[in-house]
Amino acid sequence: MNRLVTAGLLGAMAIATRNRLFTAGLLGAIAIALGAFGAHGLKERFALIPEAVGWWETATFYLLTHAVAIGAIAGRSALPSLLWAMGSVTFAGTLYAMALGAPRWFGAITPIGGLWLIAGWVVVAWTSRKES
């Protein structure tokens with residue numbers, strides 16, 4: 001392979017890695033901010049909807065966990081990162097929305113995000129098996 005093509009591929013890989021790290025950092029920052037907001041700014045709301053605190057904590061945990069996972073594999077396969085990003089936004093987003101008073105039918109969307117999260121982990125397991 002000539003140097004120009006190699007440099008172009010490496011440059012594209014570096015950009016993809018930076019984009020995944022950016023996504024990880026952004027999702028992580030959002031998770032921390034929303035976790036703090038829930039802990040300090042929503043006490044009255046949580047008193048009105050008893051299960052809301054559980055939804056909020058679960059959403060924050062999954063969002064932060066998958067932000068870290070995206071960052072951890074940033075230089076590798078793009079598919080798990082994409083699945084985790086879509087899954088965490090869908091899963092956590094619907095839980096946050098319900099905790100803030102959105103209709104309960106949002107809970108029917110939450111498992112779709114969960115399936116994307118699971119799919120990301122399956123891809124990681126599958127690709128690591130193929131590499132060994």
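**Notes on the predicted model**

1. Helix 4 is the largest contributor to the nonpolar patch, giving three residues. The model under review is a predicted one. The patch lies on the surface and is formed by Leu79, Leu82, Met86, Ile112 and Trp116, which together have about 410 Å² of accessible area. Helix 4 (78-99) and helix 5 are the elements that supply two or more residues to this patch.

2. Met86, one of the patch residues, is located in helix 4. Its relative accessible area is 30%, so Met86 is classed as partly exposed.

3. Helix 5 spans residues 110-131 and includes Thr110. Is Thr110 buried or exposed? Thr110 has a relative accessible area of 7% and is therefore buried, since the cut-off for burial is under 20%. Leaving aside residues up to four places away in sequence, Thr110 is in contact with Phe91, Thr94 and Leu95.

4. Seven aromatic pairs are found when the whole structure is searched. Among them is the pair of Trp105 and Phe106, which is tilted, with 4.6 Å from centre to centre and 50° between the planes. The two residues may also be described by accessibility: Trp105 counts as exposed because its relative accessibility is 54%, whereas Phe106, at 21%, is partly exposed.

5. One aromatic cluster also deserves mention. Phe37, Phe46, Trp56 and Tyr96 make up this cluster.

Definitions and conventions: Residues are numbered from 1 along each chain as its sequence is written. This is a predicted model: local features need pLDDT of at least 70, side-chain atom pairs count only at pLDDT 80 or more; totals for chains, interfaces and linings use all residues. Side-chain values use heavy atoms; hydrogens and water are left out. Rings of Phe, Tyr and Trp (its six-membered ring) pair if their centres lie within 6.5 Å; planes under 30 degrees apart count as stacked, over 60 as edge-to-face and the rest as tilted. Buried means under 20% relative accessible area, exposed over 50%, partly exposed in between (1.4 Å probe, protein chains only). Helices (H or I, at least four residues) and strands (E, at least two) are DSSP runs, numbered from the N terminus. Contact means heavy atoms within 4.5 Å. Patches are made of residues with over 30% relative accessible area and no salt bridge: like charges are joined within 9 Å, nonpolar side chains (Val, Leu, Ile, Met, Phe, Trp, Tyr) within 5 Å. Accessible areas come from the Shrake-Rupley method with a 1.4 Å probe; for residues, only the protein chains shown count as cover. A salt bridge is a side-chain nitrogen of Lys or Arg within 4 Å of a carboxyl oxygen of Asp or Glu.
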